[in-house]
Amino acid sequence: QFLYFIGFLLHLHVDSMSTKTKSRVGYVRPAAAIEFGALIALLKDPAVPVQKKTESVKRIRLSLSRNTRPPIKELLAIDGCLEALVECLQDSRDGTMQHESAWVITNIASGTPEDTKAVAHSGAVKALSKLILDVKEDPESCNDEIVEQAVQAIGNIVGDGTELRNIVFEGEPELLSKLTEMSSYPHLTSTARNTITWVVGNFLSGKPSLPRDGVVVTLPLLVRNIMTPANDDILIDSLWALSWYADGDPPNERVNDILNSNPEVLSKLCEHLSSRQKGVLLPALRTFGNIASATTGYINQILESGVLPLIHELLLPGCSRGDEEISKDCCWFLSNITAETPDCIQQVIDGDFLELLVRQVRTGNAQCRREAIWALANLVAGGTNKQIAALLPFVKDLMEVFGRVRHETIEFVDVIHVIAETQNVKFLEILDREDLLRLQSTVILRVESDDDDRWREHCVKVGQMMEQYELFGF
């Protein structure tokens with residue numbers, strides 16, 4: 001298990017009631033003082049009073065609440081420990097015992113993948129889900145602490161990975177719908193709403209994605225949280241969840257779901273794209289990228305949202321809100337725009353993006369450079385000759401990359417050759433012999449080390465370019 005928090009928690013190894021805080025960690029006894037075997041034996045004994053069982057579960061929970069190396073393995077080594085805890089979880093005679101049992105199960109599920117899998121196969125999922133599914137809007141219908149802890153436990157199980165996520169989703173098909181419904185219950189605490197949003201995100205993350213017809217029910221919750229967020233945690237988790245929803249299959253239908261969910265959703269995403277918090281900005285940007293990459297039917301709607309000026313600002317040198325991860329996603333977004341029609345390409349040109357893309361090719365890290373190259377490659381592949389000519393002022397900068405950047409891609413060489421072929425003499429006028437020699441040297445080295453026949457084709461083209469250069473007397 002791991003923490004995937006470029007804004008959003010996939011699965012957090014916690015030792016407290018909430019993934020968002022550690023405020024409920026109790027006093028920790030030394031491991032040697034806790035005799036798990038004796039405590040589990042008490043839980044299994046039907047003659048033991050409920051109060052005594054509650055005290056036993058609490059002692060187990062306190063031991064697992066340590067911040068360093070909680071003794072989860074030692075507990076799981078006790079035969080029947082999970083089954084005993086699940087039985088206590090189902091015993092409605094004592095709400096405190098149910099809460100403590102759910103808390104222990106949550107902490108076990110926050111351990112290693114093997115620990116989480118043991119919980120998932122113990123019967124805990126059904127017991128936890130029942131506690132959630134039985135919740136009504138009436139505040140008297142449930143104990144909020146128990147429900148919140150049950151949600152937390154489910155989140156740790158689902159967040160372990162797609163295998164356990166699928167087990168929970170398929171075994172409890174009404175759970176996701178119930179969680180979405182519960183998020184609007186007025187008696188739930190803000191922490192519970194945060195946790196619900198996090199859990200919904202865990203259901204939406206991971207590849208392959210869950211079926212669209214099973215997760216579309218989450219959109220009202222996510223869009224509501226994005227339009228009118230209660231707090232930053234809910235906003236960030238909802239933005240990541242929406243980005244993952246857009247990234248699933250079938251992509252066009254999912255994007256259609258998002259855009260039809262609220263007519264102002266793109267405008268609100270633009271607003272979040274203006275945030276000074278990277279935790280908000282990045283998932284908003286990722287959502288735009290996934291929407292743009294999924295469909296051509298709404299590209300004008302995306303561009304009309306006002307997103308391009310915001311992307312331009314993020315790519316400007318010295319932008320305090322930008323960094324390499326954000327720059328990479330900006331270039332990726334632009335590559336999806338230049339992959340569209342000449343009208344879309346013209347908006348990129350008119351928006352003064354060419355210089356910024358070339359700058360990323362020259363100075364960005366490997367990921368930024370790759371996405372910027374794709375943006376230029378898509379431009380020369382689908383643009384008009386006039387649009388390709390807009391790259392002529394930057395040819396010298398692009399040519400200087402050869403021999404200095406070690407990982408030139410074949411797409412980058414494609415860009416150079418398309419410019420050369422479409423602009424011919426104007427292209428050659430810009431260069432000097434050293435530029436062509438660097439290009440030739442790069443291509444020859446790749447021919448020798450790469451089996452891709454396209455490098456051999458480029459080698460021939462470079463030779464022809466050299467001949468033309470000599471012929472024109474440059």
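This is a predicted model: local features need pLDDT of at least 70, side-chain atom pairs count only at pLDDT 80 or more; totals for chains, interfaces and linings use all residues.

Visitor: How is helix 8 oriented against helix 11: parallel, antiparallel, perpendicular or oblique?

Guide: Helix 8 (residues 144-158) and helix 11 (residues 190-204) have axes 9 Å apart, at an angle of about 25°. Angles under 35 degrees count as roughly parallel. So helix 8 against helix 11 is roughly parallel.

Visitor: And which hand does the crossing of helix 8 and helix 11 have, left or right?

Guide: On the helix 8 side, the residues that meet helix 11 include Val151, Ile154 and Val158, and in helix 11 their partners include Ile196, Val199 and Phe203. By class, this contact has eight nonpolar, six polar and one charged residues. As for the hand of the crossing, it is left-handed.

Visitor: What does Ile311 contact beyond its neighbours within four places in sequence?

Guide: Ile311 is among the residues touching the most other members of the largest nonpolar core, which has 151 residues. Beyond those sequence neighbours, its contacts are Leu273, Leu285, Cys330, Phe333, Leu334 and Phe353.

Visitor: Why is helix 4 described as largely enclosed, and which helices do its buried residues pack against?

Guide: Seven of the ten residues of helix 4 (residues 81-90) are buried, so the rest of the structure largely encloses it. Among those buried are Leu82, Leu85 and Leu89. The buried residues pack against helix 1, helix 2, helix 3, helix 5, helix 6 and helix 7.

How values were computed:
Residues are numbered from 1 along each chain as its sequence is written. Side-chain values use heavy atoms; hydrogens and water are left out. Axes are lines fitted to C-alpha atoms, for helices over the stretch in contact, and angles run from 0 to 180 degrees between N-to-C directions. Helices (H or I, at least four residues) and strands (E, at least two) are DSSP runs, numbered from the N terminus. Angles under 35 degrees count as roughly parallel, over 145 as roughly antiparallel, 65 to 115 as roughly perpendicular and the rest as oblique. A crossing is left-handed if the near helix is turned anticlockwise from the far one by less than a right angle, and right-handed if clockwise. Contact means heavy atoms within 4.5 Å. Ala, Val, Leu, Ile, Met, Phe, Trp, Tyr, Cys and Pro count as nonpolar, Asp, Glu, Lys and Arg as charged, and the others, Gly among them, as polar. A nonpolar core is a set of buried Ala, Val, Leu, Ile, Met, Phe, Trp, Tyr and Cys residues joined through side-chain atoms within 4.5 Å. Buried means under 20% relative accessible area, exposed over 50%, partly exposed in between (1.4 Å probe, protein chains only).
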